[in-house]
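User: I would like to learn how to read a protein model. Where do we start?

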Amino acid sequence: MTTTFDPDKLPGAHALAYLQSKLRDVPDFPKPGILFKDITPLLADPRALHITIDLLAERFIGERIDVVVGIESRGFIFGGAVATRLNAGFVPVRKLGKLPWKTDRLTYALEYGEAELEMHMDSIPKGARVLVVDDVLATGGTASAAAELARRQGGIVAAFAFVVELDFLAGRSRLDSENTQPAVYSLVHVGG
């Protein structure tokens with residue numbers, strides 16, 4: 001991947017290497033056998049956080065994104081900031097029982113179990129172009145579920161954006177196979 005933007009005027013590869021250096025591996029979380037990619041060191045570093053938000057937003061400038069859907073919980077951090085940069089609305093997708101208004105719910109499979117997501121039923125106007133944002137793309141189940149909730153309201157999923165993609169889990173292939181074939185964009189790739 002190449003980019004024309006870097007806040008420190010370094011080549012894009014240096015900025016991406018810097019971001020990757022801010023990821024921490026946590027073995028056996030949330031259950032034995034899972035190697036969790038922890039982004040909290042990236043969030044704690046102002047330079048890394050700034051680079052991340054700028055690189056995610058830059059990719060979608062000029063693509064008329066109307067709504068950014070952020071997936072609980074780390075997707076809220078990145079999605080809200082990207083929505084601000086793109087002058088788009090922000091819609092949270094949350095775990096079951098966390099939203100106060102009428103919701104649409106979807107059950108989906110995770111790489112380590114099953115989960116449910118909800119979105120307020122009146123949050124995406126029909127025909128709105130949607131960008132789904134999260135911190136990590138693993139198997140693609142969570143992102144696919146969030147996209148389905150957006151589509152149920154008449155949103156058009158234009159793209160997915162992630163800070164980290166775990167290439168060895170092939171989540172991109174799941175998202176690429178969706179009917180509308182939206183773009184999948186990730187900053188840091190781990191294990192190919």
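Analyst: Start with contacts. Contact means heavy atoms within 4.5 Å. This is a predicted model. In the protein, residues 24 or more positions apart account for 64% of the contacts with a separation of 6 or more.

User: How many helices and strands are there in the protein?

Analyst: The protein has six helices and nine strands.

User: What does the radius of gyration say about the protein?

Analyst: Compare it with the value for a compact globule. For 192 residues that value would be near 16 Å, and the protein has 16 Å, so the two agree. The C-alpha trace spans about 45 × 45 × 30 Å along its principal axes.

User: What share of the residues is buried?

Analyst: Buried means under 20% relative accessible area. Of the 192 residues in the protein, 47% are buried. The accessible surface comes to about 9,200 Å², and carbon and sulfur atoms hold 54% of that.

User: Which residues of helix H1 are buried?

Analyst: H1 covers residues 12-21, and its buried residues are Gly12, Ala15, Leu16, Tyr18 and Leu19. Look down the helix axis. The buried residues of H1 fall within an arc of 155 degrees, so they line one face of the helix. Ala13 and Ser21 are exposed on the other side of H1.

User: What do the buried residues of H1 pack against?

Analyst: They pack against helix H2 (40-44), helix H3 (46-58) and strand E9 (183-190).

User: How many positive and negative side chains does the protein have?

Analyst: There are 21 positive and 24 negative side chains. The centres of the two sets lie 3 Å apart.

Technical notes
Residues are numbered from 1 along each chain as its sequence is written. This is a predicted model: local features need pLDDT of at least 70, side-chain atom pairs count only at pLDDT 80 or more; totals for chains, interfaces and linings use all residues. Side-chain values use heavy atoms; hydrogens and water are left out. Helices (H or I, at least four residues) and strands (E, at least two) are DSSP runs, numbered from the N terminus. The radius of gyration is taken over C-alpha atoms; the globule rule is 2.2 Å times the number of residues to the power 0.38. Buried means under 20% relative accessible area, exposed over 50%, partly exposed in between (1.4 Å probe, protein chains only). Accessible areas come from the Shrake-Rupley method with a 1.4 Å probe; for residues, only the protein chains shown count as cover. Lys and Arg count as positive and Asp and Glu as negative; His and the chain ends are not counted. The place of a charge is taken as NZ of Lys, CZ of Arg, CG of Asp or CD of Glu. The arc is that of the directions from the helix axis to the C-beta atoms.
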